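I would ask you to look at the sequence and the structure together as we go.

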Amino acid sequence: MRFSWPKVFALVFAVSGSAHAESDSSVTLGGRIYTDQYLTAYSSPNYSSGILQSSLSAWMDFRVKPSERTSFLAVAQFDAFLKNLSQNEKASFSSKIREGVFTFQTESTELKIGQQIIPWGKSDGVNPTDYFSAKDYTLLNPDEEVKRLGAPAMMLNYTPKKGASPVTFTGIVQAAYPQTKLIIPNSAVPTGVAFQKYPNAPAMFQDNTMEYGGKIAYLGNDLDLSLSVFRGVNHFAQYFYETGTNQILPTNVQQSAVGGDLSFTAGAYVVRAESAYIMPDQGSENTPLYGILQPTHWDTVIGAERSFFEDFRAQIQFLYRYHVGYIDPSLISTPSPALTLAQQKIARANALLLNFQRESNPGATFRFGYASDSSDWNADLFIVGYFAKGYDYLVRPQVGYKPAEGWKLTAGADLYGGNESRPLGALKNNSSLFFEGRYVF
Amino acid sequence: MNKNLIVLLGTLITTTSFAAISPREIMVKNEEARKVSDFEARAKLATGSGSNIKTKEFTLSRKVQKDGIHNNTLTRFHSPAEVRDEGILILENDNGKNDVMLYLPNFKKIRRVESQQQSGSFMGSVFSYSDIATPHVDDFQYKTIGTEKCPGNQKLICTKIECTPASNEVLERTGYSKSIVWTRPDNFMIEKAEYFQLDGKLWKILTASEIKEVDTKNHKWLAHSLSIVNQLNQEKTDLIFSNVKVNTGLADSIFTQQNLQKVR
């Protein structure tokens, strides 16, 4: 019998349904409906209509708890686009099971099976240890979490002392990696050659598509600390030239990683740090695509956050990435001058997309926010930038208002800038003014 | 002897015996009177006035730690939809500082709440995070400042006790320069409290009602209805407990970060 996730869910429903009648069960329905309108901030020949995205979306949450030990959560997502980035401004409709996960738990263990989003890492926005989830950056939304993509996976958590220990062991097997979808600036698109923009969806349960990871976490009163290992795939696609077909194709490279994170409070501050050492299979010398794809690198985020006057918060994070064995694309050489030129161009495009244009890449994020449960207004300013040998940045101010319970209106801007040969500067034409109306029920 | 005289004599006897003990001893008895091994209740938090009242519903679970003094508290929100599944874990420490952790289901992550922020609003209410945690005898110094008819029962004479933070940690956590509490003579429960800002201005007034004996064997009490008013803007929050269950043997594993991020 062929394996099929829908069949697994159907089986889970059947099991849940049979238990339902005998125990203290509950069923919860909920969801959200939201519309997003993204307009270009600057006039751009790429978006003649002036609209980057016009969409109406709905999430339907269904949760059933057949017994004290079991539960099932399904979140279905429906998106109707009048225009969006990934469909070349065509109207389209899509639907998917965002999450569909069955949970079984005892005092000390928790087993989750199904389509799930597993976000790792304690930093804000930039997470070197976020090995298992992905994001669709072509789906524009003020809430970064909406962009997050899950995958079919099995996760087992074990906490000794009947769940009362501060130490937890986690093991994860993902049936296929989720694919991060980037906005690809025109400057990265090659001309005069067949080019596939986005990779095909990976097949499940293949040696080169499955992912494995483990984490040991100490979650204490005053300190959280974790160490993690990962073997899987880089969810960001990179490009390579296939000489036989004369095509530039995307690929998701297998990689291994070790990392960790921590957070603690120090007086008025919450301190967070996260770091990972990531070793792509093609990231070292003597591998065929060395120099063209992202090399082995060490990624670190250290930051602190504090509140002011109760309702205001400020946060700063320092980002640092160091590429081990980095080579400048201009140093790539092959026996053929034409091929050398092509390979150098592809290496530059990959470096632009994955932000590895330099051996050492320092950056920072800054967030200043106002949020109060007792007020109907909130505001947030987020800035991320990289600043060695030229700079590039994204500035995202937004203001939210809750006119009634469940409703929220948000207006803001995504403003990319800086050197246009850098990852964020290259997206200047994607700068936008946005509005979102959302109802949660 | 008529009925009024019996009440008067009773009150006098109670007041006399109550006055003989120190304010600290009264507060020790107060802590004893409200201390149960564990309790779990459904809670409704209503903030605002008139037609503009915002209500949040949650389950509150609390268990005394192994030291027999400090508590661990977990709140899990059920409604409105915007806060569904959010959870707050409060772990009290003996150094005067509490650890507060907030679970945000949208991010599937836990965020620590720094101590300075713990005097801030608890889920948009007039209560603060530190109000939701429990006060302890050693956290404060006490002074009796008089007696008064109890606000909720005029036949009883309450003792008014001024409580000042015993350490900077408690001052930072609570955000109160002092508080004045009205303690009942019969069960030592607090019927009213006034909380003062760091500059000495009156900030909040709390009134407790529906004080019921929840453990009749060990004489433990719980105020099922709490009302707090911010005197600076007259905003009011009512916190009402229902389905109260005590000493049911809640597991220690409920009060962990691991459990905080388990949404069922």
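**A hairpin, two chains and some exceptions**

I begin with a hairpin: S21(A) and S22(A) form it, with five residues between them, and Gly406(A) in the turn has a positive phi of about 90°. Before continuing, please note that this is a predicted model, in which local features need pLDDT of at least 70, side-chain atom pairs count only at pLDDT 80 or more, and totals for chains, interfaces and linings use all residues. Residues are numbered from 1 along each chain as its sequence is written, chains are lettered from A and ligands numbered from 1 in the order in which they are written, and side-chain values use heavy atoms, with hydrogens and water left out.

Strand S21 (residues 392–401) and strand S22 (residues 407–418) of chain A run antiparallel and are joined by eight bridges; strands here are DSSP runs of type E of at least two residues, helices are runs of H or I of at least four, and both are numbered from the N terminus. Two strands are said to pair if DSSP finds at least two bridges between them. Within this pair, Tyr401(A) stands opposite Leu409(A) of S22(A). On to the next partner: S22(A) also pairs with strand S23 (residues 432–440) of chain A, in the antiparallel sense and over eight bridges. There, Leu409(A) has Gly437(A) as its bridge partner in S23(A).

Strand S18 (residues 312–323) and strand S19 (residues 360–371) run antiparallel, with 11 bridges joining them, and Phe318(A) stands opposite Ala364(A) in S19(A). S19(A) pairs in turn with strand S20 (residues 377–386) of chain A, antiparallel over nine bridges. In that pairing Phe368(A) faces Leu381(A) of S20(A) as its opposite residue.

Next, an open sheet of three strands in chain A, with the order S10-S14-S13 and mixed pairing. Which strands are at its edges? They are strand S10 (194–195) and strand S13 (238–242), each of which pairs on one side only. S13(A) and strand S14 (residues 247–251) of chain A are antiparallel and share five bridges, and Glu242(A) has Gln247(A) as its bridge partner in S14(A). Helix H2 (residues 337–354) of chain A packs on this sheet, touching S13 and S14, and its direction makes about 165° with that of S13(A). Such angles run from 0 to 180 degrees between N-to-C directions, with axes fitted as lines to C-alpha atoms, for helices over the stretch in contact.

I turn to salt bridges, defined as a side-chain nitrogen of Lys or Arg within 4 Å of a carboxyl oxygen of Asp or Glu. Over all chains, the search finds 35 of them. One joins Glu305(A) and Arg272(A), whose closest N and O atoms are 2.6 Å apart. Glu305(A) lies in strand S17 (residues 297–308) and Arg272(A) in strand S16 (residues 269–280) of chain A, so the pair ties together parts that are 33 residues apart in sequence.

How do the two chains meet? In contact, meaning heavy atoms within 4.5 Å, are 36 residues of chain B and 54 residues of chain A. The chains bury about 3600 Å² between them, 41% of it on carbon and sulfur atoms; buried area is the accessible area (1.4 Å probe) that two parts lose on being put together, summed over both. Five salt bridges are found across this interface, including one between the side chains of Asp85(B) and Arg63(A) at 2.7 Å, N to O. The elements giving two or more residues to chain B's side are strand S5 (98–104), strand S6 (109–113) and helix H5 (257–260) of chain B. S6(B) gives the most, with four residues.

Finally, two backbone exceptions. Most residues other than glycine have a negative phi, and most peptide bonds are trans. Phe205(A), however, has a positive phi of about 60°, and a cis peptide bond joins Ser79(B) and Pro80(B), with omega about 5°.
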